[in-house]
Every structure is written in structure tokens, then in C-alpha cells.
Amino acid sequence: MRIVNVAAAQMGPIQKADSREAVVKRMIALMDEAKAKDADLIVYPELTLTTFFPRWYVEDRAEFDVWFEREMPNAATRPLFERAAQHGIAMNFGYAELTPDGHHFNTAVLTDKSGKIVGKYRKVHLPGHVEYDRKRSHQHLEKRYFEPGDLGFNVWRELGGIIGMAICNDRRWPETYRVMGLQGVEMVLIGYNTPSVNAERSEEGLERRVFHNRLSVQAGAYQNATWVVAVAKAGVEDGHPLFGGSLIVDPNGEIVAEARTEDDELLVHACDLDATRFGKTTIFNFAAHRRIEHYGLITSRTGAVPPPEK
């Protein structure tokens, strides 16, 4: 058995007026709780340090650079890294990254138990739109404020296993999990901020949105025989509701822990990385069963092209 005791640290709402320092204090409180429960790894949401700012439109995009981190760790987050090292807990969290050469990414990092950053991921599948859309009930402007990630879907050997990262909308795309699955991934860490209402289909309802969240994560876990830890930021941020539903899913696609609130909430589960072996050596033995000669369209085409009409 290769056990990684994982703490999924769901965060309640973060308001526009909340400082980085106030948010980090909440993160540390969850980390202290995780330490008390013998966690090896704590996983926080997408854009953990700030409110979900892409819901607002500004003409001059540079005005929103205030929401981005120019280095990591920085003065505001250094206490978090120090506490992680003190506790001997690895961590994963998301933030808005502004690079020295001026690029903007929706980013997540993974540290080891000493607090050293050992992996970085930049969100690939950006949802939403670029310009203000009057037809929407609320805006989702990730395509305005972020560039698509340029690092791909990598994995890292850490905590005795093979760990990968993704962010929010990535969890809905099967390619996300499969690329990591082809590198032997055993645990995928995903942070998300998902509105409780579909801006283009308000009748969809919260129940169906939570269903699609579970469906995406469970399918990715099962089809790649991997653990998936998906962690939300939830609650009403400046009048805009985000649903929670943070969950830990095992390599059979079964939910083993799920959040019940939309507040700061910690889920802890002992994940046996060896539980991935059965799926990886039977139905999802890629080397034995994949037929790549038939998969060409996956990397040669983006939009769907139906066959010619008769």
C-alpha cells in the first residue's frame, strides 16, 4: 500500500474587498486542521487567493493586474509556505500569475513537504468569452484576462506516486485526464470556481450543474484508473453564487468524500495509490488496448465537421 492522506480544502466565498493576507490566514487554519488529521497533502481551489475576478468587465485589462501574483511565494503567501514546511505537508493551490515578460495565466503549483515548488500548471481550457456579452446573466471573461496555458499536462513524481494538475474547466475535457493517464498518473489535483447558475441557460438548475461536476470527475478517474481530488471555492462572492461540491474520487470512479457546505470545509481521505494498478493493468491497460491509428482526428481537428449531406 502507498497511502497519501489527502486533505481537500474547500474555501468559502472570497469577497472583492478581502485582502490576500486574510485569505492566507483562512488557508493556514485549514492547513492546521489538516495537520491534526495527519494529512500528507492539502489541495486548495482555483484562484484561491482572490475573488473570481473574471466575472467583471473592464475596458483596460491592465486595471486587473492587481489580481495577479508576480512571484510565488511572495510577501502575502510566504506564511503559507512556511506553515506547510513546518507541518511537513505538501500543497497545491491556484492563483492568477503575471510573468516577468507580461503574460497572464490561470496557474496552479504543487509543493513538496518542505514547501518547495516542484510543479507548475497553467490552465489550458479557458471557458467564457472576451468581450462584454449583454445576453448573459453574468459575465465569464477568462478569455479576456488569461492566455491559454503553455506548459501542457505534465505529471510529477511526488509523495511516492505520480501526480498531475488541472484547473476547473479542464475537468470537463477527457483529453485532460488521458494525456496524464498516458504518463501513468495516479492522482489528479483540480481546483475550480464554478457559478451556481449557467449564464446562458439559467433553467439548467444547480442540481444538474453539480451532476455534471461529479460526472466529469468520476469519468476521468475511472477511464484513467486514477484518484481525482477536485476542490471548489464556493458561496456567494459579491452577490455571485459559486457551488461547492468538492469531492475525492477513487480509481473506480466512486466518490469517497464530498463537501456538504459552501463554506471553508476540509475533507480528508487516505488514498492508496496502489488502488490504481488494477484498472491500469486490465480494462485500461493502454499498451494492450489503445488503437492510436484511429485517433488522428483528436489532434488534427478542433471543431466538429459532419460528413457531407447526401
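Phe53, Phe64, Trp67, Phe68, Tyr145 and Phe146 are joined into one cluster by ring pairs, where a pair means rings of Phe, Tyr or Trp (its six-membered ring) with centres within 6.5 Å. This is a predicted model, so to speak of local features takes pLDDT of at least 70 and side-chain atom pairs count only at pLDDT 80 or more, while totals for chains, interfaces and linings use all residues. Residues are numbered from 1 along each chain as its sequence is written, and side-chain values use heavy atoms, leaving out hydrogens and water.

Let's start with Phe53. Helices (H or I, at least four residues) and strands (E, at least two) are DSSP runs, numbered from the N terminus. Phe53 and Trp67 do it another way: with centres 5.9 Å apart and planes at 5°, the pair is stacked. Phe53 is buried, at a relative accessible area of 0%, and Trp67 counts as buried at 10%; buried means under 20% (1.4 Å probe, protein chains only). Across the whole structure, the search turns up 14 aromatic pairs.

Lys16 lies over its face, 4.3 Å from the ring centre, and the charged end of Arg55 sits over the ring of Trp56 at 5.4 Å from the centre. The test is NZ of Lys or CZ of Arg within 6 Å of the ring centre and within 35 degrees of the ring normal.

The largest pocket holds about 530 Å³ and has 21 lining residues, with Pro174, Glu175, Arg178, Val179 and Ile298 nearest its centre. Helix 4 (174–181), helix 5 (206–224) and helix 8 (296–300) each give two or more residues to that lining. A pocket is an open set of points on a 1 Å grid over the protein atoms alone, with protein on both sides within 12 Å along at least five of seven lines; lining residues have an atom within 4 Å of a point. Points are joined across faces, edges and corners, and volume is the space filled by probe spheres set on them.

The second largest pocket has about 400 Å³ of space. Among its 20 lining residues, Pro127, His140, Arg172, Asn198 and Arg209 lie nearest the centre.

Terms used. 1 Å grid on protein atoms, 1.4 Å probe; cavity = no way out; pocket = protein on both sides within 12 Å on 5 of 7 lines; lining within 4 Å. Phe/Tyr/Trp six-rings, centres within 6.5 Å; stacked < 30°, edge-to-face > 60°. Buried < 20%, exposed > 50% of the residue type's maximum accessible area, 1.4 Å probe, protein only.
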